[in-house]
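Here are some notes to read with the structure open beside you. Take the points one at a time and find each residue as you go.

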Amino acid sequence: MSDDVIQLENVKIERDGRTTFVILNRPEKRNAMSPQLHMDMCEALDWAEEDEQTQVVVITGAGGNFCAGQDLKLYFRGTEGDPRLRARARRAAHSWRWDKLSRFPKATIAMVHGYCFGGGFTPVIACDFAIAAEDATFGLSEVNWGIIPGGLVAWAVTQAMNYRDAIYYSVTGDKFSGKEAAAMKFVNKSVPVADLRAATMELARKLEAKSPAAVRYTKEAVRSVRGMSQDQAMDYLNCKSDALKHMDPEGGREKAMKMFLDDKVFKPGLGEFKRG
Ligand code: COA
């Protein structure tokens, strides 16, 4: 396994076994997202996608906060007179926070502590899983300074919140805690901040143990069928199942079936088969 990780100005990469932490790294600015940070995140995710050691990606922020949203100074004011930089920043901001993350071929977990505001919601929603510190502070603060939750935020929140909550928190700008986020199922669960990393790693280790191909095809299937009719979903899922059968380099399905039906050494209902 290689220990080399990509070096970037505003993003830090750390390994924990087969799990890779991709860390927004502007702690003195509460990890507000500058154009450079967006470009670094694009590079980091491309790197993690290709990195053979990485099986699970955790997105989080340095210095005890997740992300204070777009950087008002560098992303908004700093690009006002420079349409080309504005366009590049906007492209990169959308690319990593939604396109790359929501289609990422490996499992992704948002680990949220401290502040998570505005544009910081998008990557939380795009990740497959989200775990928050109970005392984390979430807020769609755009309305507080006279803008809308743009850059896909308003759309993204409707994917992860029920309609009443989406309207309520977007229009009032009221903050909510990690504990409240878990109660409304905006995140999978919340834990005391001291246990956040351990809870995240417990999930990460569970995902590491599964077949990477099965994890990838399953998450792609669940994401894709949401926008399909029943007929389309049936056809797509049949094709997707066939594709997994042929594309899984570990041949998991055949191995697991043999272990259950013939060797009787494994029960699929009780956990994954032993790989490797
Ligand atoms: N854009 C630009 N700079 C930001 C920022 C943002 N979104 N969030 C924080 N910062 C900067 C502050 O300007 C400050 O910079 P300085 O040290 O050069 O003065 C530094 O980060 C620390 O922030 P500060 O406000 O002093 O820290 P705090 O812990 O008291 O408060 C927040 C943190 C996140 C509550 C507060 O900074 C805030 O409200 N930020 C804006 C959040 C927001 O509405 N984001 C949505 C944007 S779409």
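1. In which strand is the place of I109? It sits in strand β4, which covers residues 107-112. Keep in mind as you look around that this is a predicted model.

2. Staying with I109, is this residue buried or exposed? I109 is buried, because its relative accessible area is 0% and anything under 20% counts as buried. Leaving aside residues up to four places away in sequence, I109 touches V56, V57, V58, I59, C127, F129, I131, T200, L203, A204 and L207. Have a look at D128 too: it is 19 residues from I109 along the chain, yet the C-alpha atoms of the two are separated by 6.0 Å.

3. Now for the charged pairs. Side chains of opposite charge can pair when their charged atoms come close. How many salt bridges does the structure hold? The count is 15, and the next points pick out some of them.

4. Start with R205 and D16, which form a salt bridge with their closest N and O atoms 2.5 Å apart. This one links distant parts of the chain: R205 belongs to helix α8 (residues 196-208) and D16 to strand β1 (residues 11-16), 189 residues apart. R205 counts as partly exposed, with a relative accessibility of 36%.

5. E220 lies in helix α9 and K240 in helix α10 (residues 230-247), so the pair ties together parts 20 residues apart in sequence. Buried or exposed, then, for E220? E220 is buried, with a relative accessible area of 12%, and K240 is buried as well, at 17%. Elsewhere, salt bridges that share partners join D16, R197, R205 and E208 into one network.

6. While you have those helices in view, look at how they pack. Two packed helices are described by the angle between their axes and the distance between the axes. For α9 and α10 the angle is about 170 degrees, and the axes are 11 Å apart. The two helices are therefore roughly antiparallel to each other, since angles over 145 degrees count that way. The crossing of α9 past α10 is right-handed.

7. Which residues of α9 meet α10? On the α9 side they are A213, A214, Y217, E220, A221, S224 and V225, and they meet A233, Y236, L237, K240, A243, L244 and M247 in α10. The residues of this contact divide into 11 nonpolar, 1 polar and 2 charged.

8. Last, a couple of backbone angles to check. R30, in the loop between β2 (19-24) and α1 (35-50), has a phi near 55 degrees, a positive value in a residue other than glycine. R30 is partly exposed at 41% relative accessibility. K185 has a positive phi too, near 65 degrees, and is found in the loop between α7 (178-183) and β9 (189-191). K185 is exposed, with a relative accessible area of 58%.

How values were computed: Residues numbered from 1 in each chain as written. Predicted model: local features only at pLDDT ≥ 70, side-chain atom pairs only at ≥ 80, totals over all residues. Heavy atoms only, no water. Salt bridge = Lys/Arg side-chain N within 4 Å of Asp/Glu carboxyl O. Helix = DSSP H or I, 4+ residues; strand = E, 2+ residues; numbered from the N terminus. Buried < 20%, exposed > 50% of the residue type's maximum accessible area, 1.4 Å probe, protein only. Axes fitted to C-alpha atoms, helices over the stretch in contact; angles between N-to-C directions. Parallel < 35°, antiparallel > 145°, perpendicular 65-115°, else oblique. Left-handed = near helix turned anticlockwise from the far one by under 90°. Contact = heavy atoms within 4.5 Å. Nonpolar A, V, L, I, M, F, W, Y, C, P; charged D, E, K, R; others polar.
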